[in-house]
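Visitor: I would like to learn how to read a protein model feature by feature. Could you take me through one?

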Amino acid sequence: NMENDVSLKFRRQLLLIDENLLAEDLAALKFLCTDLLPFRKLEGVKSAVDIFQLLMAEEYLNEEDTFLLAELLYRIKCHSLLKKLGYTKEKVQECLHEKGRVSPYRQMLYELSENITNEMLKNITFLLQNCLPKRRITLLCEERADSSALELLTLLEKQGLITENNVQMLEDVCKNVSPDLLETVNCYKRAKGSIYPHLPNVQVHTGLTKRHLGSLILSLSALSVSASGEHSASQGIFTLSHWRHQSIPFPTASFLFFLQKITSYKMDGLHRGFCLVINNVNFDKPLQERKGSCKDAEELERVFTWLGLDVKTYKDQTSLQIKNLMKMWQQSQDHKDRDCFICCILSHGESGAIYGKDGELVSIRTVMSYFTAKQCPQLAEKPKLFFIQACQGKEIQCPVYVEADARIPDLSSIQHSVSPSESIPEEADFLLGMATIDGYVSFRHIQQGAWYIQALCSKLQLLVPRGEDILSILTEVNEDVSRRVDRLGTKKQMPQPAYTLRKKFIFPVPKDPPPS
C-alpha cells in the first residue's frame, strides 16, 4: 500500500546517503549526535545506518520529518546529499533558526575539531598528557588528525574536563596552541553569556532547557504584570514580542541561573538521598510470579546510583514488612543531610494499592503518608518521589510474552476506584508516578522487564544530562509507553503521574556517562 511504499522509499534514501558517506563523515555524525543519543549506543555504531536507526527509535527521524538528518549533513558539509531528503543548503540555513537541534556547544567543539591540524593535535596532546589515560594518548597520536581531534574532545567530555558550562581547559589549551582556536572558544563563551532574543533557538547552558526558559519567561511576565498593574490585551501576560516592543531587557544566562535556583528544589548537598526499591517477585498463591521484575530492579539500581542516590533493594516483602520498612525509613535520622527521597515499588496491585508477597493489600496512600512533614520532619520541604509498577485494575488476557501485574483472572478483587491524586498525602512536595491509569493493567515483558520501568530508566539517562525536570521527563515516559504495544498489537498502556511539587525537581547532571 501507499504507506509501505513511502516507508520503503524513505529507507532507500537513507541507504543511499549511507553509501555516500566516508569514515570521517560517520565519526562526525556520531559526535554531533552525542547530545541526542546515549554514549553507550553511539559506541556500538558501525555505519551511518546504525545512527539512522537510533534516531528513528528516539523519534528524531521519520518519513515525515527528516530535518535533523538534513541539519547533520549540512553541519558536516555533505551538501550534495541534501537533495536526497528534498533540501538545499539554503533551505536548511533558513530552517536552522526554528528547527535546529545541534547545540552551540556541540557546534563549537566540531568547529574546533575541523581546524585542529596534526601539529596542533600533537601539541594539545602533549599539554594534556597528565590529564588523560596514557593508552588513549598513544591511540590518538596514531590516528588521522580530523578523527582523532573528535576522539580527543569526546575523551575530555567523558573525563568531565569540559562541559557546556565549563570550557576553561579548552580556553587554556588554545591560548598555547592557536589564536584561531581560541577565538572559536571565545565566540561560544560570548554567545552563551549574551542576551537570548529568539526563544526557539536558545541553548542556555546553565541546566535550563528551552522548556524551562519558556516557563520562566511566562513567570517573569506574570510578575511584571502584577507589579505594574498592566495587562496584556489578550491573556494578561507579556509575550516574547512584548519583551522586544516594551524594550524590556531579555534575561541573561546569569539571571536565568539565579531564577532556576529559586524555582528548583535544592539538589546540591553532599548526599543526594536514599532510593528504596521494593521488588516483589514471588507470591503466596493465588498471585503469580512476576517474571522479568528483577531486570527492572537492577536497572533502577543502576540508574539511581548513577544519579547519586544510595539505593537499598528489598525483595519479596509481605504487607507487614512493607509497612515496617516504611516506618524504619520514616524514623531514619540520615535524611537530614539528603536532598530528596525516592521509593520504587514493583509488585502486583489493585486500584490505589499494591500487594505484599502474602497477598494482602497495602494502600499507596498509606505508604506515602509515612513521609509527610509531620511524620518525617527530616524530609520536610524536600521532594519525595514514589514510582509504582503495578496494575491498578482487573487483569485482562495477555499473550505469553507479556504479563499483567494483577491477580490471576478468576480471583481479581473488585475494589473502589482510587485515582493517583487521591493516593497522594494532602501536602506539598510529593510526586507519584504510576505505571498505568486507574482501573487498568500495566504490562511487563517476562525477559525485558516492565514497559514503564524500562521507559523511565531510559528517559532518565537520556534527559537528565540535558537538564530536563522530572515532570518533563515523565511526560516523555508517557509518550514512550503509549507507543508500545504487545507483539499482537492489541494491548496498550498509559502511565499517570500526580504531584504536589512546589518547584521544579532537576537532578544534577552526573559526571559519569549513563550506565546503559
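Guide: What follows is a short tour, from the whole chain down to single residues. Keep in mind that this is a predicted model.

Visitor: Let us begin with the whole chain. How many helices and strands are there in the chain?

Guide: The chain holds 21 helices and 12 strands.

Visitor: What percentage of the 516 residues count as buried?

Guide: The cut-off is under 20% relative accessible area. By that test, 51% of the 516 residues are buried.

Visitor: Among contacts between residues at least 6 apart in sequence, what share join residues at least 24 apart?

Guide: The share is 74%.

Visitor: Now helix packing. How are two packed helices described?

Guide: Two values do it: the angle between the axes and the distance between them. Take α5, residues 67-75, and α6, residues 89-99. Their axes come within 10 Å and cross at roughly 115 degrees. The crossing of α5 and α6 is left-handed.

Visitor: Which residues make the contact?

Guide: From α5 come Phe67, Ala70, Glu71, Tyr74 and Arg75. From α6 come Lys89, Val92, Gln93, Cys95, Leu96 and Lys99. Sorted by class, the contact of α5 with α6 has six nonpolar, one polar and four charged residues.

Visitor: Arg75 of α5 is in that list. Is Arg75 buried or exposed?

Guide: Arg75 counts as buried, because its relative accessibility is 17% and the cut-off for buried is under 20%. Leave out residues up to four places away in sequence, and Arg75 touches Leu32, Leu96, Val102, Gln107 and Tyr110.

Visitor: Is Glu58 buried or exposed?

Guide: Glu58 is buried, because its relative accessible area is 18%. Setting aside neighbours within four places in sequence, Glu58 contacts Leu37, Lys41, Lys459 and Leu462.

Visitor: What does the backbone do just after α4?

Guide: Glu59 takes a positive phi there, of about 65 degrees.

Visitor: Which other residues have a positive phi although they are not glycines?

Guide: Asp316 and Glu381 are two cases. Asp316 has a phi of about 50 degrees and lies in the loop between β2 (310-315) and α17 (319-330). Glu381 has a phi of about 65 degrees and lies in the loop between α18 (364-369) and β7 (384-389).

Visitor: For Asp316 and Glu381, buried or exposed?

Guide: Asp316 counts as buried, at 17% relative accessibility. Glu381 is exposed, with a relative accessible area of 61%. The cut-off for exposed is over 50%.

Visitor: Next, peptide bonds. Where is a cis peptide bond found?

Guide: A cis peptide bond joins Lys285 and Pro286, with omega at about 15 degrees. Pro286 belongs to the loop between β1 (271-279) and α16 (293-306).

Visitor: What lines the largest cavity?

Guide: The lining is Leu112, Ile116, Ile124, Leu128, Leu152, Leu153, Leu156, Leu170, Val173, Cys174 and Leu181. Two elements give two or more residues to it: α10 (145-158) and α11 (168-177). By class, the lining has 11 nonpolar, no polar and no charged residues.

Visitor: How do I read a pair that is separated along the chain?

Guide: Ser347 and Ala390 are 43 residues apart along the chain, and their C-alpha atoms are separated by 5.3 Å. Ser347 is in the loop between β3 (338-346) and β4 (349-350). Ser347 counts as buried, at 0% relative accessibility.

Visitor: What is the C-alpha separation for Lys122 and Val177?

Guide: These two are 55 residues apart along the chain, with C-alpha atoms separated by 9.9 Å. Lys122 lies in α8, residues 118-127. At 53% relative accessibility, Lys122 counts as exposed.

Technical notes: Residues numbered from 1 in each chain as written. Predicted model: local features only at pLDDT ≥ 70, side-chain atom pairs only at ≥ 80, totals over all residues. Heavy atoms only, no water. Axes fitted to C-alpha atoms, helices over the stretch in contact; angles between N-to-C directions. Helix = DSSP H or I, 4+ residues; strand = E, 2+ residues; numbered from the N terminus. Left-handed = near helix turned anticlockwise from the far one by under 90°. Contact = heavy atoms within 4.5 Å. Nonpolar A, V, L, I, M, F, W, Y, C, P; charged D, E, K, R; others polar. 1 Å grid on protein atoms, 1.4 Å probe; cavity = no way out; pocket = protein on both sides within 12 Å on 5 of 7 lines; lining within 4 Å. Buried < 20%, exposed > 50% of the residue type's maximum accessible area, 1.4 Å probe, protein only.
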